[in-house]
Amino acid sequence: MNRKVAVIGAGTMGSGIGQVAATAGHEVVVIDRDASALDRGRQLLAKSIGALVARSRLDRDDADTIVARIGWSQELGDAADAGLIIEAVLEDLDVKHRLFADLGALAARDAIVASNTSSLSISEMARSLRHPERFAGLHFFNPVPAMKLVEVVAGAETNPVVVEQLTRLMAAWGKHAVAVKDVPGFIVNRVARPFYAEAFLALDEGIPAALIDDAISSGGGFRMGPLTLADMIGHDVNYAAARSVFDGISPHARFRPQPAQARLLDEGRLGRKSGRGVYDYGAAEKTGQVDQTTASQRPAPQIAVAQDAQDFLWLSGRLSTSPATGIPAGSISVDGVIVAKGDGRTLDQRREVDVLLDHVHDHAISPVLIASARDERSAAAAADLAFALDKRLLLLPDRPGQIVLRTLAQLVNGAADAVEDGIAPANAIDEAMIHGANYPRGPLAWARDFGPARLKQTLLHIAAGTDDLLYSPSRGLDRL
């Protein structure tokens, strides 16, 4: 392959792709017809390279060499001698069709043309090119220099040799390439839809945004809460991906876009880029933490554990406990208050329980205990338990599946749908979600540990509690 790489589009993604290609030793030209976009692209590159130097990840001479390999141009013709042309422009099919028609007239016959689209059809875009067999998707993730995953997407006419060439090239660029079918959202943007959707559903119910994000990040083990992440991505981009996936793979009801996010878009609240999104970036942000002053003044709680309470084995060695009789199976007693792990049902549906604990990624390291409580006495017992464990208490309203368990269950549902639809093997889907979305674990690996049958029952409980087909268990769960 010709060593020259042309990147069309000087935004965050385009400048990042240019940096990665130049770091791998390629001559690069970043092309954008908007001179101000080119200036912003240069600034983004300088900031990214400067951060690597500041962290001693790159020495100054190497940084200068990388920057010197990158040219900036307003002329599309400067891509004519490139061996690889990567499109990274606006996620608009008409805009891309016009660009590819122009590229088809000037690109070298043996050049590979690729799109960085996150959700649009590769086969559809290929119709604008003279050589669709040399066209594929190369979906990078933001920030491009840091994120390892690249989804390599073959269209209906893509030559398999091109996919092999691109996969090898991505490995040479230090990326983790995963081959994906040409379907809406590919792997990551398809499987990740419930991560955002569940947060917006909870927000629409009146649960504070900071509490939602705190539960998912601190309790679920994710690097960032879904609402904060959506603000960072931009709701115009994130909602467009949601619409694209939903429109392309209906009738999967679990992928439907959420009205709460649509309202943000209608109000021009695009996130960080506009100064307001879910959060107001001109104001101090709140936290989801519960005040535990009163908990710190209470004596250590008396904890009794039912003999079959497998969900509470993590308490062993951390707190003093005693065996219990006469309490519901699988539960514990905290000063006489019955505490159980959530299973998708609400407290109203579990009259024998006073406190439901939401799922936590790893109780040994999680800084929070997430609970729904029946009354003030139950909430106080939950606070005492959290304090005794040196954790913050996050109190949730009583809702089917709470927040973390419901989000994880739906992520697994989406991943299992992808397996069932033949998008990629289960291990590739898990790899994609770890390397492309920074998930703490692959959703399907988590489901196998949680127990597929138990997960299906949890989903059925949530579906019954919400009266929503959104939560119908995927048939793909039977393959786990």
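Where is Pro143 found? Pro143 sits in the loop between strand S6 (135-140) and strand S7 (149-154). The peptide bond leading from Asn142 to Pro143 is cis, with omega near 0 degrees.

## The model

This is a predicted model: local features need pLDDT of at least 70, side-chain atom pairs count only at pLDDT 80 or more, and totals for chains, interfaces and linings use all residues. Residues are numbered from 1 along each chain as its sequence is written, and side-chain values use heavy atoms, with hydrogens and water left out.

## The whole chain

The chain holds 18 helices and 15 strands. Both are DSSP runs, numbered from the N terminus: helices are H or I with at least four residues, and strands are E with at least two. Along its principal axes, the C-alpha trace spans about 80 × 45 × 40 Å.

For 480 residues, a compact globule would have a radius of gyration near 23 Å; the chain has 25 Å, which agrees. That radius is taken over C-alpha atoms, and the globule rule is 2.2 Å times the number of residues to the power 0.38.

Strands of a sheet pair through backbone hydrogen bonds, either parallel or antiparallel. Two strands pair if DSSP finds at least two bridges between them. Angles run from 0 to 180 degrees between N-to-C directions; axes are lines fitted to C-alpha atoms, for helices over the stretch in contact.

S7 and S8 pair in the parallel sense over five bridges. Leu149 has His176 in S8 as its bridge partner. Contact means heavy atoms within 4.5 Å.

## The sheet of seven strands

Another open sheet has seven strands, in the order S10-S9-S11-S12-S13-S14-S15, again with mixed pairing. Its edge strands are S10 (321-324) and S15 (392-395), each pairing on one side only. Here the twist averages 35 degrees from one strand to the next.

S9 (residues 303-306) pairs with S10 in the parallel sense over four bridges. Ala306 has Ala324 in S10 as its bridge partner.

## Two helix pairs

The axes of H8 (residues 193-204) and H9 (residues 209-219) come within 9 Å and cross at roughly 145 degrees. The crossing is right-handed. A crossing is left-handed if the near helix is turned anticlockwise from the far one by less than a right angle, and right-handed if clockwise. Phe195, Ala199, Ala202 and Leu203 of H8 meet Ala209, Ile212 and Ile216 of H9. The contact has seven nonpolar residues, no polar and no charged. Ala, Val, Leu, Ile, Met, Phe, Trp, Tyr, Cys and Pro count as nonpolar, Asp, Glu, Lys and Arg as charged, and the others, Gly among them, as polar.

The axes of H11 (residues 235-249) and H12 (residues 259-266) come within 10 Å and cross at roughly 140 degrees. H11 and H12 are therefore oblique to each other. Angles under 35 degrees count as roughly parallel, over 145 as roughly antiparallel, 65 to 115 as roughly perpendicular and the rest as oblique. H11 passes H12 in a left-handed crossing.
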